[in-house]
Amino acid sequence: MESGAGTETKRKDRGPYYITTAIAYTSGKPHIGNNYEIVLADSIARFKRKEGYDVFFQTGTDEHGQKIELKAQEAGVTPREFVDNVAGIIQGMCDLLNISYDKFIRTTDEAHEKQVQKIFKKLYEQGDIYKGAYEGLYCTPCESFWTEMQLVDGKCPDCGREVKPAKEEAYFFRMSKYADKLINHMNEHPEFIKPVSRKNEMMNNFLIPGLQDLCVSRTSFQWGVPVDFDPKHVVYVWLDALTNYITGIGYDAEGESTEQYRKFWPADLHLIGKDIVRFHTIYWPIFLMALGEPLPKQIFGHPWLLMNGGKMGKSRGNVIYVNDLVDFFGVDAVRYYMLHEMPYENDGNATWELIAERTNSDLANTLGNLVNRTISMSNKYFGGVVANKGAVDAVIDADLKAVVTGAYAKVTEKMADLRVADALTEIFAVFKRCNKYIDETEPWILGKEKDQDQEKADRLATVLYHLVESIIIGASLLQPYMPETARRISEQLCAPLREFDRLEEFGLYPNGNKVTEHPEILFARLDMKEVEKKDQELADAMLAAAAKEKAADNAVGQGDGSGTASGAKEVISQAQEDSASVVDIEAKPEVTYEDFAKLQFQVGEIIACEAVPKSKKLLCSQVRIGSQVKQIVSGIKAHYSPEEMVGKKVMVLVNLKPATLAGVLSEGMLLCAEDEDGTLALMRPEKAMPAGAEIC
């Protein structure tokens with residue numbers, strides 16, 4: 001693994017750059033959606049090092065809390081044993097993905113826990129933390145208290161799970177004391193929260209309506225950092241977890257912070273998922289204000305990587321683990337897909353099929369084939385010697401050079417705005433231009449005549465030199481994103497990768513240098529049937545494991561009673577339950593078949609969805625129906641998030657007369673079922689159906 005800031009030669013000293021990811025919660029093995037963030041951060045860190053920054057890149061694990069305590073009890077181990085195991089898995093995944101972190105912090109580290117206690121005591125002594133009691137509705141998975149008003153359909157607004165009444169003595173942080181100061185900071189520093197939509201959400205939904213004081217200690221469980229002056233309390237999750245960003249680089253609450261802390265704080269970039277933006281852009285800045293420390297320069301809330309447009313779950317058999325992908329596709333292919341396919345602001349999508357298609361098109365065809373062809377032609381025609389004979393085409397060669405030498409500026413511009421996917425697109429534009437250059441110059445034709453025509457021989461040599469030079473420049477740009485691939489290209493072309501300050505120059509490849517005699521295939525084309533087979537094998541294994549786990553849980557709950565009588569009771573009980581759950585509605589007048597035949601129902605696929613700005617109830621969906629896309633507005637915001645909608649196959653009334661709702665045009669209707677409590681559920685086809693299939 002390539003690790004640490006010292007592993008890559010700096011361009012020039014541009015000063016310190018501190019980048020962090022959110023620390024991963026050690027409740028279980030992370031899936032590809034969790035791993036996306038660390039790969040994104042790694043590409044930024046590597047790019048900054050190549051630009052000449054002294055980078056410190058920190059990631060790690062969040063290891064305290066009630067959920068961990070319960071998970072450990074279920075596993076029959078101590079909480080420490082449980083988190084040691086999961087933290088090892090998470091760090092192993094980072095290493096597997098070739099992540100160049102400088103520090104992997106754990107919130108169970110002694111140095112971190114000691115500083116958390118100091119921070120808590122300091123905030124208490126200066127009056128920002130006070131003792132009280134908390135009574136509310138508690139969500140264990142989220143470790144959050146909620147009021148009745150905050151619940152959605154009676155459930156946790158963050159995760160949708162059940163909440164339970166709870167009351168306990170607790171310490172609270174006076175959030176409202178710093179709210180105005182934070183609002184002013186956000187308004188004066190427009191770059192503080194990116195994308196801007198995240199800032200607007202925080203302002204409108206939390207800061208402007210007013211902040212409630214925050215519970216920062218618990219007494220109902222023990223797995224946490226003890227409050228040293230009141231040991232029946234443990235420090236609550238966010239004050240513990242968020243402070244890792246400063247404790248990891250040497251902050252001391254008593255004024256003895258290290259030189260490293262003074263060098264790297266404030267952080268240049270906190271990279272986090274959009275689901276924890278509130279904690280990082282409201283709680284964390286306020287904690288820092290209370291401590292008298294500068295705020296981070298920028299917090300970027302990236303979107304989610306979903307599976308087939310929906311969330312992943314073992315019971316659905318659709319969880320994708322990065323180690324399975326790496327085993328099949330290779331590290332850099334997985335890195336490339338995660339970085340290239342994730343939009344800047346909207347959620348991305350991952351399936352085995354999509355990863356395979358992108359591997360075949362971009363990596364095997366565009367890049368791998370280019371490198372292999374260029375080296376093979378150099379060996380075939382000139383014994384591997386690459387020489388610039390100066391035989392140029394004024395138009396074709398000039399255009400190639402312009403694209404290649406202009407790429408660095410374009411990539412730098414995209415990276416400055418954290419548009420990593422767009423930066424990769426600019427790099428692959430170089431490789432695509434090289435492939436076009438081959439088509440334009442037709443080296444195979446020049447090769448047939450080179451022995452009889454010196455001009456053709458010189459032109460062929462020049463063409464191959466230009467290709468090798470262009471590939472080296474492209475590979476040098478590619479290094480932060482696909483480091484192993486860049487290294488392999490460099491080795492095959494027998495030349496080092498360029499420093500970034502030399503990427504706008506063309507012609508630096510040593511004249512007369514030899515490429516490798518035996519080029520290796522960078523990316524082999526994948527058989528889509530084999531990809532589908534592997535995907536299905538993993539899904540089946542996952543479903544079988546989930547079924548086995550459920551059966552074991554049921555067996556534990558049933559005790560040792562058995563036989564026909566108990567079985568009959570279960571059937572009767574189930575029938576009574578089913579009977580109690582039916583709904584009768586008032587009958588409408590009969591219609592004729594002709595009336596019904598006027599209505600056109602089809603299967604639609606939701607390809608995009610967003611909340612309607614002027615409404616609390618409406619979602620606006622873009623629905624693919626056959627070859628067309630219709631915009632449909634639905635009053636289901638209380639029941640589905642925009643992210644949940646994307647990717648669903650739904651039943652659509654297609655020929656409903658268009659109407660304008662809250663200023664937005666709606667061109668159809670999504671069909672839903674509604675129970676007596678007003679809960680809505682989208683009607684979806686039982687079997688897989690193509691978008692546009694007629695419902696009859």
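Guide: Start with one term. A residue is buried when its relative accessible area is under 20%. It is exposed over 50%, and partly exposed in between. Keep in mind that this is a predicted model.

Visitor: Which residues of α12 are buried?

Guide: They are D332, A333, V334, R335, Y336, Y337, M338, L339 and H340.

Visitor: What makes α12 largely enclosed by the rest of the structure?

Guide: Count its buried residues. Nine of the 10 residues of α12 are buried, so the helix is largely enclosed by the rest of the structure.

Visitor: Why does H340 count as buried?

Guide: Its relative accessibility is 17%. The cut-off is under 20%, so H340 passes. H340 sits in helix α12, which covers residues 331-340.

Visitor: What does H340 touch, leaving aside its neighbours within four places in sequence?

Guide: R358, D362, A421, L424 and T425. Take L424. H340 and L424 are 84 residues apart in sequence, but 6.3 Å apart in space, C-alpha to C-alpha.

Visitor: How do you know whether E442 is buried, exposed or partly exposed?

Guide: Set the value against both limits. E442 has 34% relative accessibility. That value lies between 20% and 50%, so E442 is partly exposed. E442 is in the loop between α15 (420-441) and α16 (443-449). Its phi is positive, about 50°, although E442 is not a glycine.

Visitor: Why is N98 called buried?

Guide: N98 has a relative accessibility of 12%. Buried means under 20%, so N98 belongs in that class. N98 lies in the loop between α3 (79-96) and β4 (103-106). Its phi is also positive, near 60°, in a residue other than glycine.

Visitor: What makes T20 buried?

Guide: Its relative accessible area is 0%. That is under 20%, so T20 counts as buried. T20 belongs to strand β1, residues 16-21. Not counting residues up to four places away in sequence, T20 touches Q58, Y245, L269, H270 and L271.

Visitor: Why does N244 count as buried?

Guide: N244 has 1% relative accessibility. Again the limit is 20%, so N244 is buried. N244 is in helix α8, residues 244-247. With residues up to four places away left out, N244 touches I23, Q58, I105 and H112.

Visitor: How do you know that C156 is in no disulfide?

Guide: Check the sulfur atoms. A disulfide needs two cysteine sulfurs within 2.5 Å. The nearest cysteine sulfur to that of C156 belongs to C139, and it is 3.7 Å away. That is over the limit, so C156 is in no disulfide. By this rule the structure has zero disulfides.

Visitor: Why is C156 called buried?

Guide: Its relative accessible area is 2%, which is under 20%, so the word applies. C94 is buried as well, at 6%.

Visitor: What makes a group of residues a nonpolar core?

Guide: In soluble globular proteins, nonpolar side chains tend to be buried together. Here the largest nonpolar core has 103 residues. I19, I44, F57, L97, F329, L367 and Y481 touch the most other members. Helix α17 (residues 454-478) gives the largest share of this core, 12 residues. Apart from this core lies another, of 62 residues, among them F145, F173, L207 and Y283.

Visitor: Which residues line the largest cavity?

Guide: H64, G65, E143, F221, W223, G224, V235, Y236, V237 and D240. By class, five are nonpolar, three polar and two charged.

Visitor: Why is that space called a cavity?

Guide: It is called a cavity because a 1.4 Å probe fits there but cannot get out. The largest cavity holds about 30 Å³ of space. The structure has one cavity of 30 Å³ or more.

Visitor: How many helices and strands does the protein have?

Guide: It has 22 helices and 27 strands. Buried residues make up 49% of its 696 residues.

Technical notes
Residues numbered from 1 in each chain as written. Predicted model: local features only at pLDDT ≥ 70, side-chain atom pairs only at ≥ 80, totals over all residues. Heavy atoms only, no water. 1 Å grid on protein atoms, 1.4 Å probe; cavity = no way out; pocket = protein on both sides within 12 Å on 5 of 7 lines; lining within 4 Å. Points joined across faces, edges and corners; volume = space filled by probe spheres on them. Nonpolar A, V, L, I, M, F, W, Y, C, P; charged D, E, K, R; others polar. Core = buried A, V, L, I, M, F, W, Y, C linked by side-chain atoms within 4.5 Å. Buried < 20%, exposed > 50% of the residue type's maximum accessible area, 1.4 Å probe, protein only. Helix = DSSP H or I, 4+ residues; strand = E, 2+ residues; numbered from the N terminus. Contact = heavy atoms within 4.5 Å.
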